[in-house]
Amino acid sequence: KRVALYDQELEHKLLRVMRPGPEKAGKMLKAMAEDVHLHRARQIVAVTDGAAWIAGVIERTLPTEKTTAILDFYHAAEHVHATRRVVYGEQDATGHQWASQLLEGLLEGTYESWWALLVKTRGRVRAAGKRRSLDELMHYLLTRREKIQYARFWSEGLKIGSGPTESGCKSESRRLKGVGMRWTARNAEAVLALESLHQSNLWPAYWRSRLRAAA
């Protein structure tokens with residue numbers, strides 16, 4: 001798992017990587033927040049995927065009164081298209097139009113507009129598997145309603161995608177998945193720690209700390 005902290009202008013970024021787990025994630029996020037004095041920020045925005053355990057880590061670790069949690073739009077779109085494939089099939093043009101309309105509603109419309117489309121679609125579907133997929137999507141979006149107010153987030157100048165984090169993921173994947181590379185979990189984690197230093201532009205600070213320790 002990767003945690004990235006960055007400012008609105010993307011001028012500064014702090015990236016760290018860890019093995020999966022809520023407890024480890026919470027400790028890492030807390031340590032990173034202390035490193036950058038995050039408590040001094042006027043506003044904190046947490047763009048994450050929809051995992052419940054990640055939401056729990058955010059709620060327990062970051063100051064609730066000034067933290068805005070946002071569901072990464074890419075993950076919301078993934079769920080929409082997964083349901084589209086179940087209900088309409090992979091290539092059906094009507095299905096693609098339906099998904100586009102729903103995503104446009106999420107981006108620009110109100111809760112009533114995109115919810116009405118889902119309710120209308122479910123009312124027309126009879127197959128149990130298709131209804132189940134729609135029910136799962138409706139539950140997924142409804143329980144994250146506060147995190148998918150994309151029109152409001154855009155109007156406030158907030159980012160709705162985790163692009164800086166995803167770009168880091170690509171760099172880390174290239175570092176680990178070269179031709180012929182084989183890793184133990186411990187060694188992979190160590191290499192990713194070095195890659196995180198590089199992406200965070202912290203090599204000078206790291207070497208200064210090592211020189212002080214050796215003195």
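## Terms and model

A residue is called buried when its relative accessible area is under 20%, exposed when over 50%, and partly exposed in between, using a 1.4 Å probe and protein chains only. Helices (H or I, at least four residues) and strands (E, at least two) are DSSP runs, numbered from the N terminus.

The model is predicted, and local features need pLDDT of at least 70, side-chain atom pairs count only at pLDDT 80 or more, while totals for chains, interfaces and linings use all residues. Residues are numbered from 1 along each chain as its sequence is written, and side-chain values use heavy atoms, with hydrogens and water left out.

## Helix α6

Helix α6, made up of residues 128-142, has 15 residues and reaches 21 Å from its first C-alpha to its last, close to the 21 Å expected at 1.5 Å a residue, where the expected span is 1.5 Å times one less than the number of residues. Its buried residues are S133, L134, L137, M138, Y140 and L141. Seen down the axis of α6, these fall within an arc of 160°, so they line one face of the helix; the arc is that of the directions from the helix axis to the C-beta atoms. On the other side of α6, A128, E136 and H139 are exposed.

The cover over the buried residues of α6 includes β4 (67-71), α3 (73-88), α4 (93-108) and α5 (111-124), with contact meaning heavy atoms within 4.5 Å. One of the buried residues, S133, has a relative accessible area of 10% and touches T83 and V86, not counting residues up to four places away in sequence.

## Helix α4

Helix α4 has 16 residues and reaches 22 Å from its first C-alpha to its last, close to the 22 Å expected. Buried in α4 are G95, W98, A99, L102, L103, G105 and L106, and they cover an arc of only 155° around the axis, which puts them on the same side of α4. On the other side, A93, Q97 and E108 are exposed. What covers the buried residues of α4 includes α3, α5, α6 and α7 (150-155).

## How α4 meets α5

Helices α4 and α5 pack at an angle of about 150°, with their axes 8 Å apart. That makes α4 roughly antiparallel to α5, a term for angles over 145 degrees between N-to-C directions. In this contact, W98, Q101, L102, G105 and L106 of α4 meet S113, W114, L117, L118 and T121 of α5.

Definitions and conventions
Axes are lines fitted to C-alpha atoms, for helices over the stretch in contact, and angles run from 0 to 180 degrees between N-to-C directions. Angles under 35 degrees count as roughly parallel, over 145 as roughly antiparallel, 65 to 115 as roughly perpendicular and the rest as oblique.
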